[in-house]
Amino acid sequence: MSASAPTQTWLIVGATSALARAFADRAAKEGCSLILAARDMDATRVLADELRGRHGVAVSTIFFEAADRASHAALATSLKEAEAPNVLLAFAIMLERQTFEPDPAVAASLLDVNLAASASVLMHLLPVVEARPGARVAIVGSVAGDRGRPRNYVYGASKAGLHAIASGLRARLHKAGVSVTLVKPGPFRSPMTGDRKGLGPLPSPESIAATTWKAAMARRATVYAPWHWRWIMLVVRLLPEPLFKRLDF
Ligand SMILES: NC(=O)c1ccc[n+]([C@@H]2O[C@H](COP(=O)([O-])OP(=O)(O)OC[C@H]3O[C@@H](n4cnc5c(N)ncnc54)[C@H](OP(=O)(O)O)[C@@H]3O)[C@@H](O)[C@H]2O)c1
């Protein structure tokens with residue numbers, strides 16, 4: 001008698017984000033168990049109930065606050081028992097320059113949440129995934145990390161740092177048989193882009209989650225979402241500095 005395939009578990013860090021909600025739905029639809037990690041426990045429990053009701057899979061919840069390092073360590077403990085552990089990192093804050101330039105502490109705290117906390121979470125999870133060949137780690141970066149723009153360059157810096165972590169971690173975990181997928185979305189519909197004018201019609205979080213899911217399953221290294229951002233960012237990266245510095249975007 002052949003042994004049945006182990007149940008895949010996804011630990012979703014930042015589970016209340018629009019992208020994470022859509023990804024969780026996709027993973028649950030595929031029969032995966034979920035561990036939802038977020039700081040708003042009421043919203044997370046409601047989400048867990050919905051996912052259990054819709055897909056009949058096991059869903060647990062755990063407190064995660066970027067500023068609370070003890071909550072990072074607890075994530076590793078929660079994932080240790082999983083037969084086949086996987087991780088999606090999908091929390092962040094996005095602030096524009098009018099918010100952080102007058103208040104340097106805000107710039108520092110943005111980096112604390114998006115970059116320092118991500119590094120800490122990933123280091124806590126490293127031994128857990130390294131011990132499980134076949135595990136997948138998916139990290140949500142951003143096109144904003146490809147080149148700093150005047151509008152949101154500290155956010156861009158946090159994502160550029162995360163891109164470097166994803167690249168190093170991918171090479172670090174390769175021998176262990178663990179894949180690290182970096183997703184770089186362009187703007188999509190979510191509370192993060194809620195009141196920003198001039199972005200035009202945006203893709204849905206579901207479409208970004210579908211790309212994320214497919215890329216993680218295929219163990220892709222880096223994907224843009226939607227795909228055309230790959231070419232847009234190639235042009236943006238190649239713009240000569242004398243031209244780039246004249247653009248106020
Ligand atoms: N939306 C876009 O256009 C866009 C574009 C490129 C990349 N991305 C990236 O995609 C990912 C998901 O974005 P989204 O737009 O779906 O996000 P979102 O809906 O705005 O949600 C942001 C998430 O981050 C969590 N969070 C913020 N500060 C936190 C903290 N201190 N501790 C713990 N959690 C914290 C929020 O928790 P609460 O619900 O408790 O506030 C929420 O779950 C992010 O990495 C974002 O940078 C988004």
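Here is a walk through this predicted model, from its sheet to its helices and then to the ligand.

As background, strands of a sheet pair through backbone hydrogen bonds, and the pairing can be parallel or antiparallel.

For a closer look, pick β5 (residues 136-140) and β6 (residues 179-185), which pair in the parallel sense over 5 bridges. Here arginine 136 stands opposite serine 179 in β6.

Arginine 219 is in the loop between α7 and β7, and its phi is near 55°, a positive value in a residue other than glycine. Then there is the peptide bond from alanine 225 to proline 226, which is cis with omega near -10°. Proline 226 itself is in the loop between β7 and α8 (229-238). Both spots are worth a glance because most residues other than glycine have a negative phi, and most peptide bonds are trans.

Now for the helix pairs. Two packed helices are described by the angle between their axes and the distance between the axes. Take α1 (residues 18-29) and α2 (residues 41-55): their axes come within 10 Å and cross at roughly 30°. That angle is under 35 degrees, so α1 and α2 count as roughly parallel to each other. The crossing of α1 past α2 is right-handed. On the α1 side you'll find Arg21, Ala24, Asp25, Ala28 and Lys29, and they meet Leu47, Leu51 and His55 in α2. By class, that contact of α1 with α2 splits into 4 nonpolar, 1 polar and 3 charged residues.

Next up are α3 (residues 69-80) and α5 (residues 104-130), packed at an angle of about 25° with their axes 9 Å apart. That makes α3 roughly parallel to α5, and the crossing is right-handed. From α3, Arg69, His72, Ala73, Leu75, Ala76, Leu79 and Lys80 meet Ser120, Val121, His124, Leu125 and Val128 in α5. The contact of α3 with α5 holds 7 nonpolar, 3 polar and 2 charged residues.

Helix α5 also packs against α6 (residues 153-174), at an angle of about 15° and with the axes 9 Å apart. The two are therefore roughly parallel to each other, and their crossing is right-handed. The contact residues of α5 include Leu110, Leu111, Leu115 and Leu122, while those of α6 include Tyr155, Leu162, Ile165 and Leu169. This contact of α5 with α6 divides into 14 nonpolar, 4 polar and 1 charged residues.

Finally, the ligand. Which residues come nearest to it? Of the 28 residues around the ligand, those are Ser17, Ala66, Ala92, Ser190 and Met192. Sort the shell around the ligand by class and you get 19 nonpolar, 6 polar and 3 charged residues.

Methods
Residues numbered from 1 in each chain as written. Predicted model: local features only at pLDDT ≥ 70, side-chain atom pairs only at ≥ 80, totals over all residues. Near = placed C-beta within 6 Å. Nonpolar A, V, L, I, M, F, W, Y, C, P; charged D, E, K, R; others polar. Axes fitted to C-alpha atoms, helices over the stretch in contact; angles between N-to-C directions. Helix = DSSP H or I, 4+ residues; strand = E, 2+ residues; numbered from the N terminus. Parallel < 35°, antiparallel > 145°, perpendicular 65-115°, else oblique. Left-handed = near helix turned anticlockwise from the far one by under 90°. Contact = placed C-beta atoms within 7 Å. Pairing = 2+ DSSP bridges.
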